[in-house]
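Have the structure open as you read.

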Amino acid sequence: MSTGGAGSTGGAGSTGGAGAARDAGGAKDAGSAAGTGPPQDRKELEVRRLLAGAARPQVPPDLLSRALALGGRARRRERVRQMLLWLLLTAAAVAFAVWAYVVEPWSAPPMGTTPPLEPW
């Protein structure tokens, strides 16, 4: 029994230590394989420090009015473009209707020759 007690205590201590080392090694391997872990945290902290220390540019006070004017011009151009396309489509439809009325492509073409007429 003393062997079981000593073995269980020694076994738990040695197994726990080996298990902890194995878990730490496994976590380190998994972290480096997945691309996560302490190196990324260090890089993230460096980037945050750089961004926090960087001077932010001032926004021009007339930026809103310029953006609204530019957007208004773009919207007007788009409306004119759409109107011209609709006008072109309408003109094409009218031209097709006039051509179809004049040419009548659905009717049979007139015969080019007449059958010979022989005296009876």
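Asp62 comes out as partly exposed, with 36% relative accessibility. Its salt-bridge partner is Arg66, with 3.7 Å between the closest N and O atoms, and Arg66 is partly exposed too, at 44%. Keep in mind that this is a predicted model.

**Salt bridges**
- Searching the whole structure turns up four salt bridges, the Asp62 and Arg66 pair being one of them.
- In helix 2 (residues 38-53), Glu44 and Arg48 sit four residues apart, or about one turn of the helix, and their side chains form a salt bridge at 2.9 Å, N to O.
- Glu44 is partly exposed at 38% relative accessible area, while Arg48 reaches 53% and counts as exposed, because the cut-off for exposed is over 50%.
- Over in helix 3, Arg81 and Glu78 are three residues apart, so about one helical turn separates them; their closest N and O atoms are 2.6 Å apart in a salt bridge.

**Surface patches**
- Positive charge gathers in a surface patch made of Arg73, Arg75, Arg76, Arg77 and Arg79.
- Arg73 belongs to helix 3, which covers residues 63-103, and is partly exposed with 39% relative accessible area.
- There's also a nonpolar surface patch of about 780 Å², built from Val94, Phe96, Val98, Trp99, Tyr101, Val102 and Val103.
- Val103 lies in helix 3 as well and is partly exposed, with 44% relative accessibility.

Note on methods:
Residues numbered from 1 in each chain as written. Predicted model: local features only at pLDDT ≥ 70, side-chain atom pairs only at ≥ 80, totals over all residues. Heavy atoms only, no water. Patch = residues over 30% accessible without salt bridge, like charges linked within 9 Å, V, L, I, M, F, W, Y side chains within 5 Å. Areas by Shrake-Rupley, 256 points an atom, 1.4 Å probe, with all protein chains shown as cover. Lys, Arg positive; Asp, Glu negative; His and termini not counted. Charge placed at Lys NZ, Arg CZ, Asp CG, Glu CD. Helix = DSSP H or I, 4+ residues; strand = E, 2+ residues; numbered from the N terminus. Buried < 20%, exposed > 50% of the residue type's maximum accessible area, 1.4 Å probe, protein only.
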